Amino acid sequence: MPLPRTRGTALRHRLAELRGPDVPAKALDARALAALAANPGCKRRAILDGAGVDKAALASALGSPSAFGQSQFAFTRGNAFEAKVKADGGAELLRLVHEKLDRSAEPPADARVPELTATGPEGRTARTALALREATEAPGEWTLLDHPMLALDVAGSPAFLEPDAVVVHPDGSWTVVEIKSFPMLDGSADPAKVGAAARQSAVYVLALEQIAARLDPAPRVRHRVLLVCPKDFSNLPTASAVDVRKQRAVTARQLARLTRIEDIADTLPDGLCFSPELPAADLTTAVESVPATYAPECLSACELAFHCRARSRASGAVTSLGRSVRAELGDLTTVEGVLSAARGESGDPDDPAVAALRRAARLRAEALGTKAVAACR
């Protein structure tokens, strides 16, 4: 449900205060949303992303800079490849869509490429929605939307997303196109990279479904997206259809579980600010005032992961060992508590986790004892 105007205005003002005076908001993208959905219980990431805080700059200011991201070379190569794919009005891109997803339709010729420029993300989002509606109402034609702007409600606030392209088929259905610079070797690509692209595309599918739901009749948003990559070691484009129904369902469920940003903001003290310009001690206090849910998977998805890992290790939290370990340990939340329970110094013996730890400790002691006897002989 949309926020009342007064509540929405107050929330935007509050988020601007958290970001820092005169600091522009860093927009959420689909990659960040996919990572956010993978860890819905992390209030720290939710409020920082909702406020548009630059987490990379924040991590550097905290003394734990992030160690991942796209190199300038890869960024330039990706832009050059995307320009090649979209050259001549997107003729090659549309040919790949027709070949991989819609061979029953007439081959694309003289496709429409509407102008999507407008003022601000809200204006671009409205212009994209209008172009999609016009394309859907023109049956029998192919339409290519180059870098459209979509909006997706995330924990009560809109996130503006920009897919590489969206294609409207002659039957009025919509397809997301994701262009990546990693290669497809012999028709297949790195599964981890394909999985990340699928999760990112699933976010775009969700946003398109929200637009489609406002039209009557609602057009079909295809759950098979087109992944376009360089072929083998060349710069020639090739493509593969990727079914993102599973990723879409998981992302929708996880986003629905996110704590609403305004609920988190209401619990924070007045005057709190996450500006990287603050002294390191003040900034650390501000960041630590918002609970984090760290897991090793954060290292590949969040700029603050190294800071959160250090804090998790310093406190002896078992979450630093992984979600599966944390789930097995029940009420035992610290490494010291786990070791104490295993030694029989604490814990309820009827607790399955405690019983398992003590059995494991006995087996370890027996194994070490046997080895010690054999060594003495």
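Is Arg-14 buried or exposed in this structure? Arg-14 is buried, because its relative accessible area is 13%, which falls under the 20% limit for a buried residue. The structure is a predicted model, and its chain contains 15 helices and 7 strands. The points below move from the whole chain to its cores, its charged pairs and its surface.

**The chain as a whole**

- The C-alpha atoms fill a box of roughly 80 × 60 × 40 Å, taken along the principal axes.
- The chain has 377 residues, and buried residues make up 43% of them.
- Its accessible surface comes to about 19,800 Å². Carbon and sulfur atoms account for 54% of that surface.
- Among contacts with a separation of 6 or more, 64% are between residues 24 or more positions apart.

**Arg-14 and its surroundings**

- Arg-14 belongs to helix α1, which covers residues 5–19.
- The side chain of Arg-14 reaches the backbone oxygen of Pro-269 at a distance of 3.1 Å.
- Leaving out residues up to four places away in sequence, Arg-14 touches Ala-265, Leu-268, Pro-269, Asp-270, Gly-271 and Leu-272.

- The largest nonpolar core has 71 residues. The residues with the most contacts inside this core are Leu-33, Ile-47, Leu-152, Trp-174 and Phe-274.
- Helix α8, residues 191–213, supplies the largest share of this core, with 12 residues.
- A second, separate core has 17 residues, including Leu-94, Val-97, Leu-101 and Val-167.
- Helix α2, residues 30–38, is mostly covered, as 7 of its 9 residues are buried. These buried residues are Ala-30, Ala-32, Leu-33, Ala-34, Ala-35, Leu-36 and Ala-37.
- Leu-33, one of the buried residues of α2, touches Leu-28, Leu-152, Val-154, Ala-159, Leu-161, Val-203 and Leu-255, when residues up to four places away in sequence are not counted.

**Val-53, a buried loop residue**

- Val-53 is placed in the loop between α3 (43–50) and α4 (55–61).
- Val-53 is buried, because its relative accessible area is 4%.
- Apart from neighbours within four places in sequence, Val-53 is in contact with Arg-19, Lys-26, Leu-48, Leu-58 and Phe-274. Phe-274 is also among the residues with the most contacts inside the largest core.
- Val-53 and Leu-329 are 276 residues apart in sequence, and their C-alpha atoms are 34 Å apart in space.

**Salt bridges**

- A search of the whole structure finds 21 salt bridges.
- Lys-86 forms a salt bridge with Glu-82, and their closest N and O atoms are 2.7 Å apart. Lys-86 counts as buried at 14% relative accessibility, and Glu-82 is buried with a relative accessible area of 12%.
- Asp-171 and Arg-220 meet through their side chains in a salt bridge of 3.8 Å, N to O. Asp-171 lies in the loop between β4 (165–168) and β5 (174–179), and Arg-220 lies in the loop between α8 and β6 (224–230), so the pair ties together parts that are 49 residues apart in sequence.
- The two partners of that pair fall into separate accessibility classes: Asp-171 counts as exposed because its relative accessibility is 51%, whereas Arg-220 counts as partly exposed at 47%.
- Glu-209 and Arg-248 also meet in a salt bridge, at 3.0 Å from N to O. This pair links distant parts of the chain, with Glu-209 in helix α8 and Arg-248 in helix α9 (residues 245–257), 39 residues apart.
- Glu-209 counts as partly exposed at 22% relative accessibility, and Arg-248 counts as partly exposed at 22% as well.
- A network of salt bridges links Arg-45, Asp-49, Lys-55 and Glu-303.

- Leu-321, Val-325, Val-335 and Leu-339 make a nonpolar surface patch of about 290 Å².
- Leu-339 is placed in helix α14, which covers residues 335–342.
- Leu-339 counts as partly exposed because its relative accessibility is 40%, a value over the 30% that a patch residue needs.

How values were computed:
Residues are numbered from 1 along each chain as its sequence is written. This is a predicted model: local features need pLDDT of at least 70, side-chain atom pairs count only at pLDDT 80 or more; totals for chains, interfaces and linings use all residues. Side-chain values use heavy atoms; hydrogens and water are left out. Patches are made of residues with over 30% relative accessible area and no salt bridge: like charges are joined within 9 Å, nonpolar side chains (Val, Leu, Ile, Met, Phe, Trp, Tyr) within 5 Å. Accessible areas come from the Shrake-Rupley method with a 1.4 Å probe; for residues, only the protein chains shown count as cover. A salt bridge is a side-chain nitrogen of Lys or Arg within 4 Å of a carboxyl oxygen of Asp or Glu. Helices (H or I, at least four residues) and strands (E, at least two) are DSSP runs, numbered from the N terminus. Buried means under 20% relative accessible area, exposed over 50%, partly exposed in between (1.4 Å probe, protein chains only). A polar contact is a pair of N or O atoms within 3.5 Å; within protein, one must be able to donate a hydrogen and the other to accept it, and residues adjacent in sequence count only if both atoms are side-chain atoms. Contact means heavy atoms within 4.5 Å. A nonpolar core is a set of buried Ala, Val, Leu, Ile, Met, Phe, Trp, Tyr and Cys residues joined through side-chain atoms within 4.5 Å.
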